[in-house]
Number of protein chains: 4
Amino acid sequence: MTGITTTGTACELGEHGYITDKARYLARLRRIEGQARGIQRMVDEEQYCIEILTQIAALTGALQNVAVGLLEDHLRHCVTDAALSGGDVAEDKIREASQAIGRLIR
Amino acid sequence: MTGITTTGTACELGEHGYITDKARYLARLRRIEGQARGIQRMVDEEQYCIEILTQIAALTGALQNVAVGLLEDHLRHCVTDAALSGGDVAEDKIREASQAIGRLIR
Amino acid sequence: MTGITTTGTACELGEHGYITDKARYLARLRRIEGQARGIQRMVDEEQYCIEILTQIAALTGALQNVAVGLLEDHLRHCVTDAALSGGDVAEDKIREASQAIGRLIR
Amino acid sequence: MTGITTTGTACELGEHGYITDKARYLARLRRIEGQARGIQRMVDEEQYCIEILTQIAALTGALQNVAVGLLEDHLRHCVTDAALSGGDVAEDKIREASQAIGRLIR
């Protein structure tokens, strides 16, 4: 946060890309938590399976949208900072981001 | 197949396939709600983006597992009942299940 | 292929659901093969990565559509036949279909 | 960072990240084309639906692996070059990459 830091350490210091939109992300995640609670209620009330599946698909979609947003912010801040540092720092961040993308795609 | 059946109505009467496992589904969904809350906390505490993405991938995976379970129960009960009724009821249930599968796959 | 078989053996006898639409499936799969060849050409001509990724997403989508179609035909014929047979045959087909769905969703 | 760079144009000039691995990507894509042809043959020979679905899932997985590889190369070269250029060029590349990621995730 202060000082003589070099090499893309913004990420390690908590200045993640998503912080500027933190309130908006929290609102979206609260909505997602509400969707998860809604699905529980549907099962508890023994609602029709297909409607529960529709809500699960909607919740999965909402999560994927948040993930893509976080990834974009991550590229914009942490990965970009690392690219400016160059060398191993850059390479590590790119590999790490790619693995995260892989976990979301597969 | 015989008798007084009013065509696959088990589903319409709330005797969905997942009901036998209702307690187990509710426990899994409570855990999923907890995961959603955990992700909110990670954002609020400004944790590292990649770790948040890992948790989102885990939550998505847990949701997909619940969806596959519900689908299997749905095939075992509602779609099977409809198949025994035959005709349009069977066809409608199969089309409906396929559309639900499509929403989860794409 | 002939004879005294009973119980949902249509599937084992090659009368799969998709057979009625065989020509249409083959046409779609030929198009998919063409898309795969197109992506090779794009890499060979060193076209822009993002455009290649767009084509991969399109190809994946086309494959998922074929998969959902095959699944629907499978439910309509093999699983329905098994449901009419009842017992273990039905249960096995439902479990098998659910596992296939799981492989496509995850 | 220095010099006569005309802003991240490596990408526009065909020096895409994947070029160093071009032969390997082409080999993987040829294998993918072969898988697509194999699925056609399975349909033509009227093989069992579930086995066809298994092959479709395998082909989709192979395509996703290629996509993640290309994305990683794209981040390593085009997006990194753009980050070094800074400004709108960087922002455009990041947005474009994120949209491509979104198309692959959803």
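Predicted model: local features only at pLDDT ≥ 70, side-chain atom pairs only at ≥ 80, totals over all residues.
A residue is called buried when its relative accessible area is under 20%. By that cut-off, 26 of the 37 residues of α2(A) are buried, so this helix is largely enclosed by the rest of the structure.

**Helix α2 of chain A**
- The helix covers residues 49–85 of chain A, and because 37 residues at 1.5 Å a residue should span 54 Å, the 52 Å between its end C-alpha atoms agrees with expectation.
- Just after α2(A) comes A:G86, which takes a positive phi of about 75°.

**Where chain B meets chain A**
- Chain B and chain A each bring 44 residues to the contact, and between them they bury about 4,000 Å², of which 70% lies on carbon and sulfur atoms.
- Of the area that chain B buries against chain A, 16% comes from B:Q40, B:Y48 and B:L53, more than from any other three residues.
- Across this interface there are 6 salt bridges and 12 residue pairs in polar contact.
- On the side of chain B that touches chain A, α1, α2 and α3 of chain B each supply at least two residues, with α2(B) giving the most, 16 residues.

**A lysine in chain D**
- D:K93 lies in helix α3 of chain D, residues 87–105, and it counts as buried because its relative accessibility is 8%.
- The side chain of D:K93 is joined to that of C:Y48 by a polar contact of 2.7 Å.

Definitions and conventions
Residues numbered from 1 in each chain as written. Chains lettered and ligands numbered in written order. Heavy atoms only, no water. Helix = DSSP H or I, 4+ residues; strand = E, 2+ residues; numbered from the N terminus. Expected span 1.5 Å × (residues − 1). Buried < 20%, exposed > 50% of the residue type's maximum accessible area, 1.4 Å probe, protein only. Polar contact = N/O pair within 3.5 Å; in protein donor to acceptor, adjacent residues only side chain to side chain. Contact = heavy atoms within 4.5 Å. Buried area = accessible area lost by both parts, 1.4 Å probe. Salt bridge = Lys/Arg side-chain N within 4 Å of Asp/Glu carboxyl O.
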